[in-house]
Amino acid sequence: MELSPIEVRVLGCLIEKELTVPDTYPMTINAILTAANQSTNRFPVVEFSTPDITAALTQLKIEHRLVRVLPSGAGSRVDKYRHVLEERLNLSRPEKSVLSILALRGPQTVSEIKARTQRMHDFSDLAGVEQVINRLCDPTVLADSEEPTDARDMGMLRSASTTGAVTTLPDGYVRPWPGPLVVRLNRQPGQNEPRIMHLLGGAIDELTLARDLSSQSHSTSAPTGSASLLTDRVAALEAEVQNLKISLEQLRQDLGA
């Protein structure tokens, strides 16, 4: 699987909005465009066009089989799109949350992932995040039997043991992805912790990636203390505004306005 940057962004947006604003999911092309181009909770910030999003959705649907279209009708005047990660990759909700935040914001530490996935899945501690990262690094690692999933009830994921202590797989079960979906990057000079990065776009050139991230850090000043808290609150409010814009756009198109 080697997705283009725009395909990664679109897939990340579909996962994010499914888990944070399910009432507006599946999404129209205009709603996906708004989500992809929002200026908060995204790195890098981009300005894709409607044809860009349409082409990316076509590739995700036909070539990668990660997206499905719901044709207009039955109360909707426009086509809507949803991802099918449960069917294609057998990912649980926590796994989708981690993959989405990496797709939308690039390399992050474990603590950053925990904080930024809170609205998608509220991890109780850093160890829970580590467990999910370990599984995304190795599809043979099993999950906790109590972990929430959107597909377990349909028999698509691991089945829990009677003791609840471990999770067993059906005979012959293999997750349908042969290698890691994320990778632990080498710790760079000046970093206190290593970063985690998705592999949806294929292999990573760590030198190029480190240079890009360094350029980003020099172009923005890192807030501290109360300023950092205020920045986080403003970012959360801006994300809520973006979600409201998406909801209004979906409603407008469904009503044919």
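Which residues touch the most other members of the largest nonpolar core?

Tutor: This is a predicted model, in which local features need pLDDT of at least 70 and side-chain atom pairs count only at pLDDT 80 or more, whereas totals for chains, interfaces and linings use all residues. Residues are numbered from 1 along each chain as its sequence is written, and side-chain values use heavy atoms, with hydrogens and water left out.

The residues you ask about are V10 and I53, which touch the most other members of a core of 47 residues. A nonpolar core here is a set of buried Ala, Val, Leu, Ile, Met, Phe, Trp, Tyr and Cys residues joined through side-chain atoms within 4.5 Å, and buried means under 20% relative accessible area, with exposed over 50% and partly exposed in between, for a 1.4 Å probe and protein chains only. Two or more residues of this core come from each of α1, α2 (29–37), α3, α4 (85–89), α5 (93–105), α6 (110–116) and α7 (126–137), and the largest share, eight residues, is given by α1. The helices (H or I, at least four residues) and strands (E, at least two) are DSSP runs, numbered from the N terminus.

When its neighbours within four places in sequence are left aside, V10 is in contact with I32, I53, A56, L57 and L60, where contact means heavy atoms within 4.5 Å. V10 also belongs to the contact between α1 and α3, to which α1 brings I6, E7, V10 and L11, while α3 brings D52, I53, A56, L57, Q59 and L60.

As for geometry, α1 (residues 5–20) and α3 (residues 50–62) pack at an angle of about 85 degrees, their axes being 9 Å apart; axes are lines fitted to C-alpha atoms, for helices over the stretch in contact, and angles run from 0 to 180 degrees between N-to-C directions. That makes α1 roughly perpendicular to α3, on a scale where angles under 35 degrees count as roughly parallel, over 145 as roughly antiparallel, 65 to 115 as roughly perpendicular and the rest as oblique.

Two glutamates deserve a look as well. E16, found in α1, counts as buried at 8% relative accessibility, and, neighbours within four places in sequence aside, E16 is in contact with R42, S100, L104 and M120. The side chain of E16 makes a polar contact with the side chain of K17 at 3.3 Å, a polar contact being a pair of N or O atoms within 3.5 Å, of which, within protein, one must be able to donate a hydrogen and the other to accept it, and residues adjacent in sequence count only if both atoms are side-chain atoms. E16 and K96 are 80 residues apart in sequence, yet 8.6 Å apart in space, C-alpha to C-alpha. E95, found in α5, is buried with a relative accessible area of 0%, and its side chain makes a polar contact with the side chain of R135 at 2.8 Å.
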